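Hi,

Here is the structure I promised to pass on.

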Amino acid sequence: MTQLSTRSTLHRRMSSFVDWIRGGDKDELIIKQSGEIRERIVNQAEKDGLTVRSTPNSGSFAKKTGLRRHLLGDSSVEGQDVDLPFVISPKNEDGVQIDELLGRFARYAATCYPQTKRKPTRSSIQLDFAASKLRYDLVPMLAVPGDDEAQILLRGDGKRRRTSVQKHIEFVTRRNRTSNELPGRVRFNECVRLLKWWREFRQAQARVIEDVPSILLDLLCAHAYDRCSVEETYAGTLARWFDLLAGTVRRRELVAFADFGLNPPASSDALWTVLDPVNADNNIVSQWNSFQIEELGDWLEEGFDVINRAISADHRDDDSESLESLVELFGNPFKHYCEENS
């Protein structure tokens, strides 16, 4: 297919939409409110005899892959997650080993924010601020002695998982840095945002997939970027990424990274393997069945077909059909926010 022009209507529309889904109008508020939450929760934890070692930045806000929150009509997108990790010494001030944190942090949140909507997840306590329309995840973790960039996540079901907040951020931001050096305006993190938005509308119509977690999308996007980089247009980039990832999923190819020198395990009973780059024992899709894998493959193949229809229509100067294809890909909000004056 002929190279898509950066002066095309399609590229202009997608550029405007990328700028809109980023949001950014609440960045200062997020930074301010995050600081206040950290201070209050740390105060409660220390009153409870815990030692808070650090509160590193985390989540899509820190990775610059977060989405604008959009809750209008049938086009609901929850928006970016603002993760607030609290890294706790493994023993309290009396030397007692800590083996449970979620219940404690639920109490701290209730004490500090009694009027705020709260909900426990598998490994966090969600705080949903109605006035600012911002959501924060309080993520308590245990420090790992001798390693300042490692933590143990204590899940609600009692399972423990080694991770690294800092390395997960570095995994994404190093790709942001290399894409920033390329010509044109297309960036790695912006393409992650586009695929996250696309995911929201596919999940709403899912047959068997209950959730495509953001960590899985981060890793699939990194896999595509490491092999295809980015082109000078968003549409051209997504066409290549959808094509490569559809093949990766269909063939159930191993997705693994050497960023931190980890080797994948020798064998696995999982149908497909996408390895956490900071913990080779953590297969992100270990519980996925063949129906879920096939559905994700379908989504990616359909995404490839739809973005190519948009490109073909743009080459024919059929702006109406091109727009219709992009609305199919990204939902009705695209129609309303793809112009520069939106």
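Predicted model: local features only at pLDDT ≥ 70, side-chain atom pairs only at ≥ 80, totals over all residues.

Numbering runs from 1 along each chain as its sequence is written, and side-chain values use heavy atoms, with hydrogens and water left out.

Let's start with helix H1 (residues 9–22) and helix H10 (residues 319–330), which pack at about 35 degrees with their axes 10 Å apart. Helices here are DSSP runs of H or I, at least four residues, numbered from the N terminus; axes are lines fitted to C-alpha atoms over the stretch in contact, with angles from 0 to 180 degrees between N-to-C directions. In this contact (heavy atoms within 4.5 Å), Thr9, Leu10, Arg13, Met14 and Phe17 of H1 meet Asp319, Ser322, Leu323, Leu326 and Phe330 of H10.

Two of those residues turn up again among the 17 aromatic pairs in the structure. Phe17 and Phe330 form a tilted pair, 5.7 Å centre to centre with 40 degrees between the planes. (Rings of Phe, Tyr and Trp, the last by its six-membered ring, pair if their centres lie within 6.5 Å; planes under 30 degrees apart are stacked, over 60 edge-to-face, the rest tilted.) Phe17 sits in H1 and Phe330 in H10, so the pair ties together parts 313 residues apart in sequence.

Next, helix H5 (residues 165–180) and helix H7 (residues 214–228): their axes come within 11 Å and cross at roughly 35 degrees. Among the residues of H5 that meet H7 are His168, Phe171 and Arg175, and the H7 side includes Asp218, Leu219 and Tyr225.

Finally, the cavity. On a 1 Å grid over the protein atoms alone, that is a set of points where a 1.4 Å probe fits but cannot get out, and lining residues have an atom within 4 Å of a point. Ala256, Phe257, Leu262, Asn263, Pro264, Leu275, Asp276, Pro277 and Ala280 line the largest cavity.

Cheers

Methods: Helix = DSSP H or I, 4+ residues; strand = E, 2+ residues; numbered from the N terminus. 1 Å grid on protein atoms, 1.4 Å probe; cavity = no way out; pocket = protein on both sides within 12 Å on 5 of 7 lines; lining within 4 Å.
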